[in-house]
Amino acid sequence: MEAAPATITVTPLEEKVALVEHAAEVPQDSQYALKFVGAAISNMLSSAICNPTDIVKVRQQLRRQTPGARANAFWSVGVEMARNEGIKSLMGGLSASMLREVVYSGIRMGTYEYFKDTLHEVSKGALTREGLALKIGAATIAATIGSALANPADLVKVRMQAYYPEGSPYRNMRHAFASIYREGASLAVARGASSVSGGIGALYRGVEATTIRGIVLSATQICSYDQIKQTLKKRGIMQEGVPLHLVASTFAGLFCSITSNPVDVVKVRLMNDKKHEYKGALDCIKQVLAREGPFGFYKGFGMCWARLGTHTILTFLIFERVRYLFGIEAM
């Protein structure tokens, strides 16, 4: 008895391609979560590498010498730190920096595309994906949330990186958080206010400047990177890949260094203002202008560019690679 002939089902090529794409596709919600993780990882690694330049920049911005004075040059500050405090001092505030990057950069960079997609949908396409308005709007929302939530960690980082003639009063990050909270609580009680509001207020000192800096930095760093990549690809000058990521991130690092340095100076001064010499961000701006002139806002620019430029390049190179490993399309 003959066996029945085997039946072979032939699937059309288009169907096969669709099945493969569907299997490889990462759900949209999972993509947003992975982008947050990727943003946090890339910024943490970049910050760890750039910590020595970051702490030198903070020391420069806290000094009140005439801008450009030899004693305030970044190499002078760095050598002085290594000689007087030891080479390990250049990694001061690293733990607080890592915590800050998880919250601040994880949100500002990790949710950027979520807000970009949301604004595009809400505007029903009026805000085009090619335009800067959509990018700036998304970066502003993401940076506002990230900067505000990360302010306590940012403040602790600045305090731990500041210079103390008699040695740092903080044993570690946890001790710094507790000490700053207690300082604010004690001051509030002395004024007849709530200790809780005083403690939280102390951790959120300088939040206005922090948020403004975050918006300015993100609007120039993330948006310029996104726009430069988009333009170079659209005109056929470069294709997606490491060379394109390197070129776009190099320009993004320069632009955000120029725009964010003045706000960074005000933010650092307010955060380290234990004696409450400044009434707020506007008062700080007035005092810097009166004592140091307009160039006072560009103290530490060389180190800011060295740090932020390097940080930007490393961050986007790592971020794009992590996205690739996660199976997410390039930014």
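In the predicted model, tyrosine 114 counts as partly exposed, with a relative accessibility of 37%. Tyrosine 32, by contrast, is buried, at a relative accessible area of 16%. Aromatic pairs in the structure number 7. In one of them, the ring centres of tyrosine 32 and tyrosine 114 are separated by 5.2 Å and the ring planes meet at 85°, so the contact is classed as edge-to-face. Because tyrosine 32 belongs to helix H2 and tyrosine 114 to helix H5, this pair ties together parts 82 residues apart in sequence. Ring pairs also join Phe115 with Tyr32 and Tyr114 in a cluster.

A stacked arrangement is found for tyrosine 225 and phenylalanine 316, with 3.8 Å from centre to centre and 10° between the planes. Tyrosine 225 is located in helix H9 and phenylalanine 316 in helix H12 (residues 301-326), so that parts 91 residues apart in sequence are tied together. Both tyrosine 225 and phenylalanine 316 are buried.

Helices H2 (28-62), H5 (112-122) and H9 (207-234) each contribute at least two residues to the lining of the second largest pocket, and H9 gives the most, with 4 residues. The volume of this pocket is about 370 Å³. Its lining comprises 16 residues, among which Glu113, Lys116, Glu329, Ala330 and Met331 lie nearest the centre.

A kink of about 55° occurs in H6 at asparagine 151, shortly before proline 152.

Definitions and conventions. Residues numbered from 1 in each chain as written. Predicted model: local features only at pLDDT ≥ 70, side-chain atom pairs only at ≥ 80, totals over all residues. Heavy atoms only, no water. 1 Å grid on protein atoms, 1.4 Å probe; cavity = no way out; pocket = protein on both sides within 12 Å on 5 of 7 lines; lining within 4 Å. Points joined across faces, edges and corners; volume = space filled by probe spheres on them. Bend = angle between axes of the 7 residues up to and from the residue. Phe/Tyr/Trp six-rings, centres within 6.5 Å; stacked < 30°, edge-to-face > 60°. Buried < 20%, exposed > 50% of the residue type's maximum accessible area, 1.4 Å probe, protein only.
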